[in-house]
Amino acid sequence: MLLVEQLSKQFGDLTAVDAVSLVIPKGQMVGVIGRSGAGKSTLLRMINRLTDPSQGSIVYESQNVTALRGRELRLWRASCAMIFQQFNLVERMDVLTNVMVGRIARTGFMRSMTRSFTEADRSRAIDALDRLDLVPQALQRAGTLSGGQQQRVAIAKALVQNPRIMLADEPIASLDPANATRVMDALREINRTDGLTVLVNLHTLDTARAYCDRIIAMRAGQVRFDGAPEALTSEKVREIYGAGELGTDFNEAVTSTSISSGSHRPQIKAVGT
Amino acid sequence: MTSASPAIQQFELDYAAVRKSALRTNTISTVFFALCFVVTAWMGGFFDMTDVTLANGDRVSMWKIWAGLPRLGEYLYKTLPVLHWETLWGDLVNWFWRWKVWLQLLIETILIAYMATLLGVVGAFLLSFPASRNLAPNRIIFNVTRRYLEIIRTVPDLVWALIFVFCFGVGPLAGVLAIGLHATGALGKLYSEANENADMRPVEGIKASGGSWFDQIRYGIVPQVIPNIISYTLLRFEINVRSSSIIGFVGAGGLGQEIRVAMSLQEYTDLSALFLIIFTTVIVIDMLSENVRHRIIGLTGKGV
């Protein structure tokens, strides 16, 4: 269980995350939505400790994550794998090495510097690539792959970290609908099969509805909604995105990334005044 | 023109104002740079006069540059060897009479450059990471390495050579250390600038997976900057060959010492022979290294 208590982050005068408290049980798939600048990324980055919180604490199974330092901190980062919008792979290195880098926190200094990963790490990486149908690309340079493939490499890398939580920061924002679906399906499959807790930042509401057990909506650093997708009504959506203030029409279908007909269609349409 | 809309009329006014201020800036800066030039030339002795004795015995005052120019030709003429077609081989042997010593010293010159480049690359590579604004672990380490690199490259290699000849005596060891130290400073700056231009996303990717600072550098930065490093290193090798052929002037090994001896003994034809040797070597090495550099850039240009 992941406990976030009164977590805040200030960048100068700006409060990016404002006293957020959450309880996330193991194995839940959680979608975090909200406008750009609502604090979604900062929240995820604080959980991974890429960004240090200003106040508050993060506790994972009675381990105080906010106090971790040095090797302990690196092992924590490995155990809550992060997936980025821009994939953040080493483009000039082959796919296999990019995935093996997921073992970096448990690799010794000399082995890491000489790029000599163990045989066990190599087979673990190949297994992860196989799970994401990327074995044929294993020896290609990561930079030569398409965006969707690169994101799946990033997921494979996250898997070999043997994580307990998976954090995905806008994983499909730079992908076309077909690739977005593949990436989201992969995340859901990992959530269901491995029982991993998945926290995913999304800016397409219908994706969050289609894939997540629970939706957390943020605005101006605060949690404005936390519950099941069905409970997220059109009034709530308008409040979160501030569509009313802007005086513009708001239509979930406009930002939709789904291509399959039927199941992923938005059930609720929020139309502004 | 008469029926221009108010927006266009306003634009014409603004445009005229912009033009006027640009003209003023240009005039002020032109006058300023011209003044600087005149002052520098005056301080550098460009307007000095000198007394010259003419062929008919008259003493006249003449502009120094005008009076001195013919002597340049005179000097160059003195260094030319006497070559006759009938005795060409003999004359050439005569010209390059010390070729055995010179060949040995030429090899020494190239080896000094090679060793110095190697030292410079190792030092600069290791120091370039703490000297990069985006990678330095903290301000203090960043400033210390930056200042260190600045100091060692600001002191010319000839001055380092003087110091090292004093410490370690006459010979190539002093030359290698001197050029190596200067090259560390120069390459360290170039490498760290390449690091600062690197994409930081892979670094963040490694960090998020639990990689240490060294892991972040090893996987996030090094693969990106390797082509730049190779290119800068070859360029530096070319520069080091030039440096090492001069450094013997102060006793730090290589061909330079022969140049110095020839100059002080006024062996003018030896000078031209030595210059020819250095000239040819530098051209050959430049061509080879440029070839390799372009091949590397060509290989890696795509997808960078």
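**Figure 1. The largest nonpolar core of the predicted model has 121 residues.** Within this core of the predicted model, the residues with the most contacts are Val99(A), Ala156(A), Leu167(A), Val198(A) and Ala178(B). Helix 7 of chain B, residues 172-196, gives the most to this core, with eleven residues. Apart from residues up to four places away in sequence, Ala156(A) touches Val99(A), Ala128(A), Leu129(A), Leu132(A) and Leu134(A). A second core, separate and of eight residues, includes Leu106(B), Leu255(B), Ala273(B) and Ile278(B).

**Figure 2. The buried residues of helix 5 of chain B line one face of the helix.** Helix 5 of chain B runs over residues 139-154. At 1.5 Å a residue, its 16 residues should span 22 Å, and the end C-alpha atoms are 22 Å apart, which agrees. Thr145(B), Leu149(B) and Ile152(B) are the buried residues of this helix. Seen down the axis of helix 5 of chain B, the buried residues fall within an arc of 70°, so they line one face. These buried residues pack against helix 4 (99-128) and helix 7 of chain B. Exposed on the other side of helix 5 are Arg139(B), Ile140(B), Arg147(B), Ile151(B) and Thr154(B).

**Figure 3. Helix 1 of chain B lies largely in the open.** This helix covers residues 6-43 of chain B, 38 residues in total. From its first C-alpha to its last, helix 1 reaches 56 Å, close to the 56 Å expected at 1.5 Å a residue. The number of buried residues among the 38 is zero, so the helix lies largely in the open. After helix 1 comes Gly45(B), with a positive phi near 80°.

**Figure 4. Leu145(A) sits in a loop of chain A and is buried.** The loop that holds Leu145(A) runs between helix 5 (119-131) and helix 6 (147-160) of chain A. Leu145(A) has 20 other C-beta atoms within 10 Å; the cut-off for burial is 20 or more, so the residue counts as buried. With neighbours within four places in sequence left aside, Leu145(A) is in contact with Gln137(A), Gln140(A), Gln150(A) and Val153(A). Glu91(A) is 54 residues from Leu145(A) along the chain, and the C-alpha atoms of the two are separated by 9.0 Å.

**Figure 5. Asp133(A) and Glu170(A) have positive phi values.** Most residues other than glycine have a negative phi. The phi of Asp133(A) is near 55°. Asp133(A) is in the loop between helix 5 and helix 6 of chain A and counts as exposed, with 12 C-beta neighbours inside 10 Å. The phi of Glu170(A) is near 50°. Glu170(A) lies in the loop between strand 7 (165-169) and helix 7 (177-194) of chain A. With 21 C-beta neighbours inside 10 Å, Glu170(A) counts as buried.

**Figure 6. The contact between the chains takes 19 residues from chain B and 25 residues from chain A.** On the side of chain B that touches chain A, helix 8 (201-208) and helix 9 (213-246) each supply at least two residues. By class, this side of chain B has six nonpolar, eight polar and five charged residues. The scores of the model are ipTM 0.85 and pTM 0.79.

Figure 7. Of the 273 residues of chain A, 47% count as buried. Among contacts in chain A with a separation of 6 or more, 68% join residues 24 or more positions apart. The average pLDDT of chain A is 84, and 89% of the residues score at least 70. Where pLDDT is low, the predicted coordinates should not be read in detail. For chain B the mean pLDDT is 88, with 97% of its residues at 70 or more.

Notes:
Residues are numbered from 1 along each chain as its sequence is written. Chains are lettered from A and ligands numbered from 1 in the order in which they are written. This is a predicted model: local features need pLDDT of at least 70, side-chain atom pairs count only at pLDDT 80 or more; totals for chains, interfaces and linings use all residues. pLDDT is the predictor's confidence in each residue, from 0 to 100. A nonpolar core is a set of buried Ala, Val, Leu, Ile, Met, Phe, Trp, Tyr and Cys residues joined through C-beta atoms within 7 Å. Helices (H or I, at least four residues) and strands (E, at least two) are DSSP runs, numbered from the N terminus. Two residues are in contact if their C-beta atoms, placed from the backbone, lie within 7 Å. The expected span of a helix is 1.5 Å times one less than its number of residues. The arc is that of the directions from the helix axis to the C-beta atoms. Ala, Val, Leu, Ile, Met, Phe, Trp, Tyr, Cys and Pro count as nonpolar, Asp, Glu, Lys and Arg as charged, and the others, Gly among them, as polar.
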